[in-house]
Amino acid sequence: MTDFAITLYVTGSSIAGAQAVANIRAICDAALPDGYRLKVIDVLGDPQAADDAHIVATPTLIRTAPPPQRRVIGDLSDFVKVRSILDLAPPTTSESAP
Amino acid sequence: MHVEGPRRSVSSGQLSDQPGAMATALAAAMGASDRALLFDVLFAAMGSAVAVLDADGRIVAWNGSAEQVFGYPREQALGQDLFVLLFRPELATSARPLPDEAFTEGGQARSHECKALHRDGSEVPIELTITPAASGAGAARIFLARDLTREKEFVEMFTVSEANFYNVVQRNRSGILVLDAEGVVRFANPVAEQLLARHDEDLWGKELGIPTMDHYVEVNILRDDGSQGMAEMTAAETLWQGQTAYLVMVHDITERKRAEEQVRHLAYHDALTGLPNRVLFHERLAGALRRRRRNRNMVGLLFIDLNGFKEVNDTFGHAAGDLLLQTIGTRLTACLREMDAVARMGGDEFTIILEQIREPEDVERIADKILRVLGETVMLEQVPLSISASIGYAVAPRDGEDAEMLVRRADDAMYAAKTDPGTHIVAYSPDIYRLKPGRAQLERSLRGALFRQEMALHYQPQHRLADGGLVGLEALLRWRHPKLGSIAPAHFIPVLEDTGLILDVGRWVIQRACAQLAEWRAHGLPIVPVAVNVSPRQLADRGFNEIVLGALQEHGLPSSLLRVELAESAVMDDMDSASRALGRLDQAGVALVLDDFGTGYSALGMLRRLPFSGVKIDHSLITAMADNKEDEMLVAGLVAMLHGVNKTVIGEGVETHRQLEKLRACGCDAMQGWLCGPAADVDDTTALLGGPDASRLCEALRRRP
C-alpha cells in the first residue's frame, strides 16, 4: 500500500477550516479505502509548526507523501480539482487507483 | 520595455559596415548590365522607402515604397529637392544633414528618427539613413527611410497599456497574485504583499499553494509578526507567459470580520457578565441535544435562581448587585468543565447545559457542587455575604427530548425548589406540579379552601405494641386542590401558619374531629380517642381552651376522647402562657401529647413543667435505631426515662418489621405508621371501626413470632 500522508493547517474554529477538514476527509475516505494519514494542525495552538511549513494563510493542505510535495490553499470544496492535484482517483474507480 | 531613439538599424548597419565589400563581390560576380538589372529589382522590392539623390540633393530615383510612405508618385518626386519636398523648413534644416560628415562618422552611416511630411500634409515618423553612394564629397547619396508609424502605434499602445496595468494592478485596492501551476507566487502587487505581510523576497517564488475553492473562501492570514488577519480569496485559472497559472484576488476583511464578531458577541452575550445570553443559550441547547441523539448519552439542563437577590439590590444598591452577578458568573464558569455552557437568562437567573452525562445522578452531584460554590462568602461593600440559590434540573432524554419541553421542565423544577423553603435542588418529575405550586398561588387557594369544602380529615390508627389493639387515631389535615389535586401538608401548613389562616382551619379541625366522633358514636361504633395537631399560633390564641372544650360540649363528648398533640416548638417560645392554657385543658381531662420528640430541644424540664400525658418519638429516631446500635440505646433510654416520669410513649413513622421489633424491645407502649396502616379517609376509617374485633388489630403485630 502506498503511504499517503497529508497535513492540513487550520486556524481555530474558522468556518473555512472546518469545511476543509470535512472536505478532505470525504475525498480521502472515498479515494483511499486502505487508509491514509491526515494530520490537522491548528496554527493557533502550534504556531511553530505553521512557521516551519511557511504557511502564509489557512486552510492550507500539504501532501507530504508520496513525493513530490504538493500544496493546496482554500476550503478544498472543488473535489475534482483537489483529487487531480493530489493524484487521487475519483471514488468510482478507487480499485484501480494508481 | 521602452523605445528610445536614436538607434541603429540592423540592415543599415550591415550596409554601412561593409559597403565596399558588397560592391566588390557584386562586381566580381556579374557584368555591368547584370548589375544594373539587379539594382532595379532590389530597388523596387525594398520594403523601405529609398531615393537616390544627386550631389545637390535632388531626387534621381524613387522606389515604390517611397511612393507609398510619402504619397508622391515617382513622376512628381523626380527632380525635386528631397529635403524641401519631405521636410518642414525647420525640420528640413535639422534633417538636411549637410555636409555629409554629419551622417558619417568614421565611414559609418548613422540613422536617426525624425518626422517627414506626407503629401497630404500629415507627419510620418521615419527612421532615416543617408549613405553616400560613392566615396568623395559631392557624390550621390542614397536616402533610406523606414516607416515607423506602425511601430510608433505599437509603442504608444504599449505605453498606454502599461499605465493601465499600473493603475489596474499595482494600485488596486485588492491584493492580486499570480501563482504558477504549482502554486508558487510569480507576481504579487503591493496590496497583496501588505495583506500577506510579506515583502518581495518572502513572497515571490514562494509556494502559497494551488487555490481550490468554489467561488471564494475566507482565509486566515498568518502575518510574520504573529498577528492574525482575515482575507476573502477568489481565484481564476489563467495563462501567465504562456503557462497555466492562477490569478488570485485577496480582499482584506480583517476589520469587517472583527466588527461582525463584535456585533455577534453583543447579540449573543450578556453585557454585564459576558456570559452567553438567552439567544445563544437556545442555540447551544439545540446543538447539545443534536449531539446527544448522535452519541446516545444524556444532557442535563439546570436552571439556577439566586435567593434573596432583590434584598441584596435593595440593601447594597444595584452596583453591588451587579458585582454579585459577575462573581456568580465567574464562579459558575470556573466550577464546570470546558464543554459545559453557562448562560445568564436575565435578572438573577442562570442556566447550565451539561453534556455527555452518563446518569441523572451526575447532574444532581454537579448541582450540589454549584450550590456549595455559590454559597461561598462574597464580600460586598466590605460585608461578607453568603448567597443561596434554588436549582431545578431536567435530564434529556428522561424528561424530554426536545429543547422547549426540557427548558419548561427545568424551569418548573427550579420554581418548585424556590417555593419550597428548605429545598435547594429539585429534579424534574411530574410530582412537582402536584406537590409544589407557588406559595402565592397556595395562599390564594387556601383562603377559600374551607368554604369550598376542599379540606378533609384523614385518620391514622395507633396500635398498642403489646397486643396490636387499636388505641387511638391521629386526625391529619388533607387538602385537595380542585386543579392541583392533593397538596402535601408540609407545603400548605407553613402557609396557613404564616398567614394566620391556621386559626380558622385549626378550629375547623377540632370541630370536625368532635363531630366525627359523635357521628361514629351515634352509629354505635366502638370509638377510640382522636388526636388533633395544634400549632403555636393556636395555642397563643386566648380563646383556644374555649374552642376545644366548647367543641366537646357541643357534641356531648367526654373530654377523654380528644387528645391535643403539640410540637416542642409550640410551647418553647412562651412556656408560661402555654403552661396556663394546657393546665386548664389537662384539668378538664383532655390528654396532651408532645409530638416529634427527639428532633428539637427535647428539654426534659419541659416534660416536668407541662402536663403531657404522652410523648411521640419522632420517626427519624425510629428509622435510625433500626440500623444503629447507639440510636437503639438512645431510644431505649428515652422510653425508660419517659416511663419513669409516667408518660405513655408512642413511636411514629414505623415502616418495617425490624423497626417494630426494635421498638418493642425498647418497651415502647404504642406505634403508628405505614406498617400497621396509613392515614385513611372517613369511609375507610368507619369501616375499620365497624369491622370485627380482629380487623382492628394490626396485622404486623398479630404475626408476632
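1. Basis. The model is predicted: local features need pLDDT of at least 70, side-chain atom pairs count only at pLDDT 80 or more, and totals for chains, interfaces and linings use all residues. Residues are numbered from 1 along each chain as its sequence is written, chains are lettered from A and ligands numbered from 1 in the order in which they are written, and side-chain values use heavy atoms, with hydrogens and water left out.

2. Chain contact. On the chain B side, 21 residues are in contact with 24 residues of chain A; contact means heavy atoms within 4.5 Å. The area buried between the two chains is about 1,900 Å², and carbon and sulfur atoms give 57% of it. Buried area is the accessible area (1.4 Å probe) that two parts lose on being put together, summed over both.

3. Salt bridges. The term covers a side-chain nitrogen of Lys or Arg within 4 Å of a carboxyl oxygen of Asp or Glu. Between chain B and chain A the count is two. E237(B) pairs with K81(A) in a salt bridge, with the closest N and O atoms 3.3 Å apart.

4. A salt bridge in chain B. The side chains of E218(B) and R256(B) meet at 3.8 Å, N to O, in a salt bridge. E218(B) sits in strand β11 (residues 217-222) of chain B and R256(B) in helix α11 (residues 254-268) of chain B, so the pair ties together parts that are 38 residues apart in sequence. Helices (H or I, at least four residues) and strands (E, at least two) are DSSP runs, numbered from the N terminus.

5. α20(B) with α22(B). Helix α20 (residues 501-522) of chain B packs on helix α22 (residues 544-554) of chain B at about 20 degrees, with the axes 9 Å apart. Axes are lines fitted to C-alpha atoms, for helices over the stretch in contact, and angles run from 0 to 180 degrees between N-to-C directions. The angle makes α20(B) roughly parallel to α22(B). Angles under 35 degrees count as roughly parallel, over 145 as roughly antiparallel, 65 to 115 as roughly perpendicular and the rest as oblique. From α20(B), R507(B), I510(B), Q511(B) and C514(B) meet F544(B), I547(B), V548(B), A551(B), L552(B) and E554(B) of α22(B). These contact residues divide into seven nonpolar, one polar and two charged. Ala, Val, Leu, Ile, Met, Phe, Trp, Tyr, Cys and Pro count as nonpolar, Asp, Glu, Lys and Arg as charged, and the others, Gly among them, as polar.

6. α12(B) with α16(B). Helix α12 (residues 278-295) of chain B and α16(B) pack at about 115 degrees, with their axes 10 Å apart. That makes α12(B) roughly perpendicular to α16(B). F281(B), H282(B), L285(B) and L289(B) of α12(B) make the contact with A403(B), L406(B) and V407(B) of α16(B). By class there are six nonpolar residues, one polar and no charged.

7. α13(B) with α14(B). The axes of helix α13 (residues 309-316) and helix α14 (residues 318-334) of chain B come within 6 Å and cross at roughly 140 degrees. That makes α13(B) oblique to α14(B). F309(B), V312(B), N313(B) and F316(B) of α13(B) contact H318(B), A320(B), G321(B), L324(B) and L325(B) of α14(B). The contact has six nonpolar, three polar and no charged residues.

8. Backbone. Most residues other than glycine have a negative phi, and most peptide bonds are trans. A65(A) and P66(A) are joined by a cis peptide bond, with omega about -5 degrees. P66(A) lies in the loop between β4 (60-65) and β5 (70-73) of chain A. A cis peptide bond also joins A396(B) and P397(B), with omega about 5 degrees. P397(B) is in the loop between β19 (389-396) and α16 (403-419) of chain B. H54(A), in the loop between α2 (47-52) and β3 (57-58) of chain A, has a positive phi near 55 degrees.
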